[in-house]
Amino acid sequence: MDFFNDKHVEAAKDLLYKMADDQLIIGHRNSEWTGLGPILEEDIAFSSMAQDKLGQSEHLYNLLHELGEADADTVAFTRNENQFHCCHLVELPIGEYDFSLMRHFLFDMAEAIRFEMLIDSSYENLARLARKFKGEIKYHTMHANTWVKQLAQGNEESKARMQSSLNETWPLALGIFEEGKYESVLKDAGIFAGEKELQEKWLTEVTALLAAAGLQIPENATPTNGGRYGQHTEHLQPLLDEMTEVYSIDPTADW
Amino acid sequence: MIKSLDPRIDRAQLDHDPIKPLEQLDQFQTFEVFHQTKRGQQHVHVGIVHAPNADMALLYAKEQYARRGETANIWVVDSQHISATEYFDQDIFETTPEKFHRDPASYKVMDRIKAYKERVKG
């Protein structure tokens, strides 16, 4: 990364932090379904994807470590909520299964497109990760799309539940694309084309899939912003306390 | 409410007696899963998954049977579409031992094969 100047490093860190924190927090949230999923097969599939997300976050934290941040465990387990860059969508409690599925759908579609855009990034180590995660993420979106279609076209109850969880998650999902401080730096350096472009691509794909499923996108929604700048809902700190309980008792514990 | 050391269980606010008889829609139908390790090889039956339709069955088959190790392809088949023999008729597979005429060893060809190999070598 010789071509990186200090500004580029700061911009790359900002991008990596929000991606890694999103993955860590949604991974942790989705893992809360382990053992409680609706049927055995779904329980296993959802838990396995949650593990994928935790694994992906670790790779991203390792890139941050290369750029001079503390190691992955320290970064993941010792920060307070105001040091996290995740969007509000990922930090909300799991709710009922329809809520978790709709969040999984909206988030993973954005994540898939983000990594697709990063495959040609000038930040070669990040581009390599984007290529490495491609298969995992493709399965995650297949799973999400199949479920959303299935339930939106199921019976009256499943359709109503999917619509109401879409209404609830939509403004939160728009918060994924809250712009950072370094949009133009990232774009000019060829690292990442930016949140705006990501949101446009996401809107096109998600709109088509939701229309095919027969669901209505809420109109005039205001994005739930703030997460990228360390402002969070009351749900994040209790999640962090629970996630870091063992680490806080014994930081050298192996498990 | 059930009290647990697992905070997720407390949050779920489960009744004291969560084990109730299954209702009709609590269990999906089954699909038979066939797994292929490499392209060109046979698909091998590896087990079943419960799913509401074939698309979902493929999703689950991937997680149940292809999470570890190499996989090229997966088939799922609705279990109801499998035709099977009856165990009652298992005796159709029994063969009488004295059928040397059907045994490859009965064919006296080894002498001729040996002779051919020597001729080719020579």
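Helix 2 of chain A, in this predicted model, comprises 27 residues and spans 40 Å from its first C-alpha to its last, close to the 39 Å expected at 1.5 Å a residue (the expected span being 1.5 Å times one less than the number of residues). Helices (H or I, at least four residues) and strands (E, at least two) are DSSP runs, numbered from the N terminus. Residues are numbered from 1 along each chain as its sequence is written, while chains are lettered from A and ligands numbered from 1 in the order in which they are written. As the model is predicted, local features need pLDDT of at least 70 and side-chain atom pairs count only at pLDDT 80 or more, whereas totals for chains, interfaces and linings use all residues.

Among the buried residues of helix 2 of chain A are A:F46, A:M49, A:L60 and A:Y61; a residue is buried if 20 or more other C-beta atoms, placed from the backbone, lie within 10 Å of its own. The buried residues of this helix pack against helix 1 (6–31), helix 3 (72–78) and helix 6 of chain A, together with strand 2 and helix 2 of chain B. Just after helix 2 of chain A, A:G68 adopts a positive phi of about 105 degrees.

Between the chains, 13 residues of chain A are in contact with 16 residues of chain B, contact requiring C-beta atoms, placed from the backbone, within 7 Å. On the chain A side, helix 2 (40–66) and helix 6 (124–152) each give two or more residues, and helix 6 of chain A gives the most, with 5 residues.

Helix 6 of chain A also meets helix 7 (residues 156–174) of chain A; their axes come within 7 Å and cross at roughly 125 degrees. Axes are lines fitted to C-alpha atoms, for helices over the stretch in contact, and angles run from 0 to 180 degrees between N-to-C directions. Helix 6 of chain A is therefore oblique to helix 7 of chain A; angles under 35 degrees count as roughly parallel, over 145 as roughly antiparallel, 65 to 115 as roughly perpendicular and the rest as oblique. Here A:V148, A:L151 and A:A152 in helix 6 face A:S158, A:K159 and A:M162 in helix 7.

In chain B, 3 strands form an open antiparallel sheet in the order 2-1-3, strands being paired if DSSP finds at least two bridges between them. Strand 2 (44–50) and strand 3 (73–78) of chain B are at the edges with a single partner strand each, so one side of each lacks a neighbour in the sheet. Helix 2 (residues 54–65) of chain B lies across strand 1, strand 2 and strand 3 of chain B.

Key. Two residues are in contact if their C-beta atoms, placed from the backbone, lie within 7 Å. A residue is buried if 20 or more other C-beta atoms lie within 10 Å of its own, exposed if 12 or fewer, and partly exposed in between; C-beta atoms are placed from the backbone.
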